[in-house]
Amino acid sequence: MTTIAEPQVAPVPEAAPATGARPPRSYWPFVVPAVAVVGSVIVFPWAFTVWMSLQEWTVGGARRFTGLSNYMRLASDERFLTSVGHTLVYTFLAVVLPLIFGTLAALIFNSRLPFRGILRGIFVMPMMATPVAVALVWTMMFHPQLGVLNYLLSLVGIGPQAWVFNPSTVIPSLVLVETWQWTPLVMLIVLGGLAAIPTEPYESAAIDGASIWQRFRYITLPMIAPFLMVAVIIRTIDALKSFDIIYAITQGGPGTASETINLYLYSVAFAYYDVGYGSAIAVVFFAIVIALSLLMLHLRQRTKWMDLQGGV
């Protein structure tokens, strides 16, 4: 019997390393311009502000390093502490009221109203106006003798109000302007959440005999909670740094009854020309904004979509 020998395969010689291979490409040239822009526009100004906050520096005078003395001075500055309180009260009201009225408006405009597209367009018009123009219009409306608000109150038998000319009502009056202008923004955000809710849960709830309040409490509210948190974050940051409306209407008055941190910072830096102390106020204000922003983002991460059984 003849056996057939298997063919022998010659080993393939290893390829010699290429002598003229290109080195790996570097993408740093594409990153450097962005890093340079961020560093010059964001990082350097804040680093310079922190450095100025450690100086005793008045415009026209000599600069002297004083360390943390400006920050220690803030702890005993009653006007600064009062402005912090005004800022927190103003921010709380300017977030809660637009959130309530914006959610209510979204629920109304989400229903099958006639001409709801036109009505939505009219409702969002205040958001398109510039804050200074809005402030000038409301300044005339707040006038104790010639303002239209007191005229409207007189039609229902209510006496004239001092509005922004009374220390006890100035902040609620300014919040009224903020609410009027930014409620449409909350409405648009919540409308997006309502459009994402399926109709099946409502149909099942209607079959089970759930009331309108129960459907809102157990279906609508949990489903739009992430959108409400987005609105809260946006409004909190915006209300904290509000300056133009307050300055154009009251300039922090009467007295210092409506002076927020922003307005006090403006007065210290550009009226009293105390650049070092103003920089310390700016750094502390930035820290407050960052702390509240991180708190809002933490709450946003904890807000999950809820199923109908209440699970996450």
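The buried residues of helix 12 pack against helix 3 (78–110), helix 10 (212–240), helix 11 (244–249) and helix 13 (275–302). Contact here means heavy atoms within 4.5 Å, and helices (H or I, at least four residues) and strands (E, at least two) are DSSP runs numbered from the N terminus. Helix 12 spans residues 261–270, and eight of its ten residues are buried, where buried means under 20% relative accessible area, exposed over 50%, and partly exposed in between (1.4 Å probe, protein chains only). The buried positions are Ile 261, Asn 262, Leu 263, Tyr 264, Leu 265, Ser 267, Val 268 and Ala 269.

The model is predicted: local features need pLDDT of at least 70, side-chain atom pairs count only at pLDDT 80 or more, and totals for chains, interfaces and linings use all residues. Residues are numbered from 1 along each chain as its sequence is written, and side-chain values use heavy atoms, with hydrogens and water left out.

Rings of Phe, Tyr and Trp (its six-membered ring) pair if their centres lie within 6.5 Å; planes under 30 degrees apart count as stacked, over 60 as edge-to-face and the rest as tilted. The count by this rule is 13 aromatic pairs. One of them is the tilted pair of Phe 243 and Tyr 266, with 5.5 Å centre to centre and 55 degrees between the planes. This pair links distant parts of the chain, since Phe 243 lies in the loop between helix 10 and helix 11 and Tyr 266 in helix 12, 23 residues apart. Phe 243 counts as partly exposed because its relative accessibility is 25%; Tyr 266 is likewise partly exposed because its value is 34%. Elsewhere, ring pairs join Phe 44, Phe 48, Trp 51 and Trp 57 into a cluster.

Two arginines sit over rings, as tabulated below (CZ of Arg, or NZ of Lys, within 6 Å of the ring centre and within 35 degrees of the ring normal).

| Charged residue | Ring | Distance from ring centre |
|---|---|---|
| Arg 63 | Trp 57 | 5.1 Å |
| Arg 217 | Tyr 218 | 5.1 Å |

The axes of helix 8 (residues 170–195) and helix 10 come within 9 Å and cross at roughly 145 degrees; axes are lines fitted to C-alpha atoms, for helices over the stretch in contact, and angles run from 0 to 180 degrees between N-to-C directions. Residues in this contact include Trp 182 and Leu 185 of helix 8 and Phe 227 and Leu 228 of helix 10.

Overall, the protein has 13 helices and two strands, and buried residues make up 35% of its 312 residues.
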